[in-house]
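Q: Could we go through this model together? I would like to start with a term used for helix packing.

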Amino acid sequence: MGAGRAASISLDGVRDKNLMQLKKLNSVLFPVRYNEKYYADVLASGEFTKLAYYSDICVGSIACRLEKKEGGAVRVYIMTLGVLAPYRGLGIGTKLLEHVLDLSSKQSNIGEIYLHVQTNNEDAINFYKKFGFEITETIQNYYTNITPPDCYVVTKYIGQSELKK
Amino acid sequence: MGAPLPPKEANLFKLIVKSYETKQYKKGLKAADAILKKFPDHGETLSMRGLTLNCMDRKPEAYELVRLGLKNDLKSHVCWHVYGLLYRSDREYREAIKCYRNALRIDPDNIEILRDLSLLQAQMRDLAGFVETRQQLLSLKPSHRMNWIGFAVSQHLNSNASKAIDILEAYEGTLEEDYPPDNERCEHGEMLLYKISLLEECGLLEKAILELHKKESKIVDKLSYKEVEASLLVKLNRLHGGEKLYRVLLSMNPDNYRYYEGLQKCVGLYSQNGQYSSDEIDQLDSLYKSLGQQYTWSSAVKRIPLDFLEDVKFQNAADNYIRPLLTKGVPSLFSDLSPLYDHPSKADILEKLLLDLEESIKTTGGYPGRSDKEPPSTLMWTLFYLAQHYDRRGLYDVALAKIDEALQHTPTVIDLYSVKSKILKHGGDFTAAAEMADEARCMDLADRYVNSQCVKRMLQADQVPLAEKTAVLFTKDGDQHNNLHDMQCMWYELACGESYFRQGDLGRALKKFLAVEKHYADITEDQFDFHSYCLRKMTLRSYIEMLRFQDRLHAQDYFRKAAVGAIKCYIKLYDSPSKSSTEEEDELAKLPASQKKKLRQKQRKAEARAKKEAEVKSEEANVGGVSKPGKRQVKPVDPDPHGEKLLQTEDPLMEAGKYLKLLQKHSSDFLETHLLSFEVNMRKKKILLALQALKQLQRLDPGNPDAHRSLLKFFHKVASMPAPATDGEKLISEVVEAERPTFSHLLGKSLMEANTVFLEQHKDSLLHRAAVAEMIYCLGQNKGDAVKLIEESPNNVVYSNGSHGSVREWKLKDCVAVHKILGTVFNDNDAATRWKIRCAEYFPYSTYFEGQRSSTHASKKDSKQTHPENGSIESHPSNAKIENTKALKDLAI
């Protein structure tokens with residue numbers, strides 16, 4: 001599928017001036033209303049959170065939280081990744097995820113990237129597997145309002161940590 | 001002149017002058033004091049000391065000293081010159097001119113004074129005087145280029161263009177063959193182009209084009225050269241040459257509409273009103289088709305044919321025009337096409353076209369007849385266009401449905417929110433429109449435009465404090481009032497003034513309207529520097545254009561709105577003067593004691609706060625003044641920030657008269673000017689001036705309901721006046737009697753008969769019926785009949801769109817006006833209520849009539865609270881636990 005004519009896809013950072021764009025996206029993409037902490041993490045993550053623009057229209061986003069561990073190591077947690085329904089299948093999600101993977105690989109103190117996925121969300125699991133993620137843990141009753149309530153932790157190890165494993 | 005000073009003091013005096021010119025004011029003062037120690041009465045020194053103090057912000061002292069100096073030495077041209085300079089610095093140009101004239105009487109050949117005088121004369125448009133002064137300057141110093149040019153320009157301004165040409169030719173005669181030198185080529189070229197424009201103005205077209213060709217090598221501005229040549233060729237009817245030249249110009253800039261117009265003129269396919277025969281349309285069509293092949297990147301060449309094409313050809317052209325723009329995503333597409341909506345048939349075609357596109361994209365993913373898919377955004381832009389289309393046609397329901405569909409498709413496009421806000425505004429729901437505009441604003445806090453639009457909507461919804469807070473986000477120092485005023489932000493001041501007026505706060509409203517008037521005075525003032533600058537820089541064509549623009553300045557829309565607003569305020573103020581303090585006391589006395597106390601406390605607090613603010617401000621002003629003496633004048637604090645003093649005016653009608661005069665001079669073709677003139681002069685009991693206003697109304701639009709109302713009111717009023725007693729009164733009544741037959745409405749009819757005839761002529765129009773009804777009541781007939789006349793007005797369907805509903809004739813604005821008439825003129829609350837219920841049906845979004853879908857309607861208010869706008873699950877223990885569920889289901893690639 002996809003448009004016959006090539007439309008440009010570009011990424012832009014999230015600042016307090018355009019934070020509302022992210023809020024709008026989240027309000028239609030996810031059944032959750034995110035709290036202030038989420039948006040504070042977003043602003044603190046810098047380059048790790050991006051909005052995706054499809055011919056100048058904001059249509060998707062990836063939002064990460066950087067978790068500091070002992071010894072200066074950092075873990076990247078992907079809080080949300082989503083694209084507006086009409087604009088899916090155009091490679092926008094891939095571009096967003098690749099941006100974060102790329103960024104992480106360039107930073108030597110980042111050892112892993114992980115996220116939570118509902119256990120029945122096969123499309124998502126397959127999507128992440130393509131990028132070298134694997135299921136590392138299952139958490140029972142992670143969700144309170146949806147079925148199944150269980151989730152997987154999906155992780156990709158990079159750099160030295162990968163060697164260790 | 002007074003006795004000459006001894007050499008030492010004479011040198012000191014020279015030092016004062018020099019210090020003044022080099023802005024070393026302290027040094028100048030010292031020197032002046034040294035002279036005055038010995039010669040305390042020396043007039044010229046006193047004057048110069050005053051002038052120096054004027055530059056140091058010590059105005060009152062300055063005036064005192066300059067006047068004293070003049071008194072001590074009336075025969076000194078220096079003293080008069082200084083006095084003139086002082087007035088000039090205060091923009092009192094008339095007084096300044098008088099002083100200069102006195103100075104010149106003593107020293108007729110003083111070049112400096114003559115030059116200063118000429119600037120003032122140009123500024124005040126004392127054109128005869130300007131010519132005279134310029135001539136004198138030229139004869140005193142013919143070696144100076146500027147004096148030749150100045151004399152020529154003065155003749156031109158004084159409507160003597162041919163004289164100006166002679167002068168410029170004489171000037172050219174003084175030049176060497178190899179003139180100009182390299183560093184003056186631009187100036188000289190400008191002078192030549194100016195001269196050619198003068199020739200054109202005098203109708204000497206042949207001579208103009210000869211001159212143009214002759215001087216080609218000396219004209220630097222090649223583009224202007226070609227444009228002037230092309231326009232001359234058209235005027236000379238040398239169309240073949242013109243066509244060739246316009247094609248050259250188009251190859252340089254294929255998006256200049258004037259070039260296309262010129263080309264059309266040359267090939268005999270141009271009509272002012274855009275009406276063409278079918279044969280001409282065919283020719284135009286093929287002309288633009290061939291141009292379109294040449295200039296594939298031009299948008300003008302694609303857009304212009306939509307204006308003249310019709311029917312199927314229009315449909316095809318529009319289709320070709322619209323598709324790529326929807327694909328690309330051009331938010332301004334609708335405003336680009338909106339002029340086409342003046343032709344209902346084109347609007348119908350566009351509607352069908354867009355609906356077909358929508359249908360096709362929804363079913364096949366691409367445009368009709370195309371196999372390739374459109375990008376997902378095309379559907380959103382199509383819906384966006386359709387929303388604006390239905391908004392324009394008055395079908396607000398459909399428009400909102402379309403925009404909501406677009407919002408559901410892509411909720412991140414700011415333009416969608418802006419357009420939704422606009423639709424709500426048109427529907428009459430100002431509150432919801434402001435809310436929606438605020439939502440648009442929040443989506444890009446760095447965008448001044450959406451911020452401004454939001455401010456405007458808030459003001460339309462009479463949320464002034466909120467609007468001020470929002471506007472301040474984009475002003476630099478956070479002190480928004482002065483800042484917006486300094487930026488001459490007139491749309492803001494007008495919208496603010498109108499909101500205050502609606503809310504009955506006449507003081508604040510006047511403050512805003514007069515601020516706009518002040519901007520126009522400033523703009524007039526701003527031309528002053530250009531009188532010398534443009535002559536020096538030789539930008540003569542722009543200079544003349546600027547002067548002509550200034551002459552028409554007060555005809556501008558913003559000024560008119562401000563003046564109308566101010567006059568309305570003053571009329572209202574006259575009709576119900578502001579409460580005096582004793583009346584306020586009386587009202588206070590009526591309140592229960594507890595409330596009284598509260599109110600008093602509130603007042604006291606407010607007063608204290610205001611006082612404190614003023615103090616802080618003036619302190620700041622003082623600090624600024626000390627640290628930067630003379631450099632940047634710190635503005636004094638506005639002593640009347642809320643316009644309370646404006647309300648204290650003794651004679652509001654006289655104040656109104658000032659602005660009325662400007663409207664009469666510059667906007668005499670606007671009905672409203674004369675309606676206001678009528679209202680003001682009736683209140684002033686200036687019968688003849690009111691009559692004059694009526695005659696203007698008659699000239700502009702005798703069928704206008706307000707003109708009719710004014711006419712009948714006038715003659716009714718005149719008839720009820722006591723018999724004329726004085727000669728003057730007799731004369732007036734004779735004039736009125738003699739003029740009455742000139743109003744064809746009234747010829748041979750009583751006022752009641754005239755009223756009936758008027759009704760017959762316009763019986764389908766709501767506003768006309770309302771005017772007639774008001775006059776029935778006013779002429780003492782049955783009030784019930786009058787109200788019935790309004791209530792029986794038909795609201796016909798003017799445009800029907802099948803299943804999409806229909807649009808009726810009545811406009812929201814008119815219905816609001818009628819509601820007010822029923823309430824205030826007839827004092828018939830029952831009728832007003834009936835009217836409101838009826839209009840709420842017609843205008844479901846109107847907050848004024850509390851329509852069912854408006855935000856003032858009771859049911860709407862409740863439902864809002866139960867549906868929070870964002871998200872359905874309110875909160876979750878840990879953030880971001882459910883993610884990537886829905887979104888990623890379709891994301892597998």
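A: A crossing is left-handed if the near helix is turned anticlockwise from the far one by less than a right angle, and right-handed if clockwise. Please keep in mind that this is a predicted model.

Q: Fine. In which sense does α12(B) pass α13(B), left-handed or right-handed?
A: The crossing of α12(B) past α13(B) is left-handed.

Q: At what angle do these two helices of chain B pack, and how far apart are their axes?
A: Helix α12 of chain B, residues 205-214, packs against helix α13 of chain B, residues 222-235, at an angle of about 150°. Their axes lie 10 Å apart.

Q: Parallel or antiparallel, then?
A: Roughly antiparallel, because the angle between α12(B) and α13(B) is over 145 degrees.

Q: Which residues meet there?
A: From α12(B), the contact involves Leu205(B), Ala208(B), Ile209(B), Leu212(B) and His213(B). On the α13(B) side they meet Tyr225(B), Val228(B), Glu229(B), Leu232(B), Leu233(B) and Lys235(B).

Q: And by class?
A: The contact of α12(B) with α13(B) has eight nonpolar residues, one polar residue and two charged residues.

Q: How much helix and strand does the model have over residues 77-110 of chain B?
A: The stretch is 79% helix and 0% strand, and its end C-alpha atoms are 9 Å apart.

Q: Next topic: Asp397(B). Where does it lie?
A: Asp397(B) is in helix α23 of chain B, which covers residues 396-409.

Q: Why does Asp397(B) count as partly exposed?
A: Its relative accessibility is 38%, and partly exposed means between the 20% limit for buried and the 50% limit for exposed.

Q: What does Asp397(B) touch, leaving out residues up to four places away in sequence?
A: Asp397(B) touches Tyr845(B) and Arg853(B). Asp397(B) and Arg853(B) are 456 residues apart in sequence, with a C-alpha to C-alpha distance of 10.0 Å.

Q: How many helices and strands does chain B have overall?
A: Chain B has 47 helices and two strands. Of its 893 residues, 46% count as buried.

Q: And chain A: what is its make-up?
A: Chain A has five helices and seven strands, in the order β-α-α-β-β-β-α-β-α-β-β-α from the N terminus. Of its 165 residues, 51% count as buried.

Q: What share of the contacts in chain A with a separation of 6 or more comes from residues 24 or more positions apart?
A: For chain A the share is 62%. For chain B, residues 24 or more positions apart account for 59% of the contacts with a separation of 6 or more.

Terms used:
Residues are numbered from 1 along each chain as its sequence is written. Chains are lettered from A and ligands numbered from 1 in the order in which they are written. This is a predicted model: local features need pLDDT of at least 70, side-chain atom pairs count only at pLDDT 80 or more; totals for chains, interfaces and linings use all residues. Side-chain values use heavy atoms; hydrogens and water are left out. Helices (H or I, at least four residues) and strands (E, at least two) are DSSP runs, numbered from the N terminus. Axes are lines fitted to C-alpha atoms, for helices over the stretch in contact, and angles run from 0 to 180 degrees between N-to-C directions. Angles under 35 degrees count as roughly parallel, over 145 as roughly antiparallel, 65 to 115 as roughly perpendicular and the rest as oblique. Contact means heavy atoms within 4.5 Å. Ala, Val, Leu, Ile, Met, Phe, Trp, Tyr, Cys and Pro count as nonpolar, Asp, Glu, Lys and Arg as charged, and the others, Gly among them, as polar. Buried means under 20% relative accessible area, exposed over 50%, partly exposed in between (1.4 Å probe, protein chains only).
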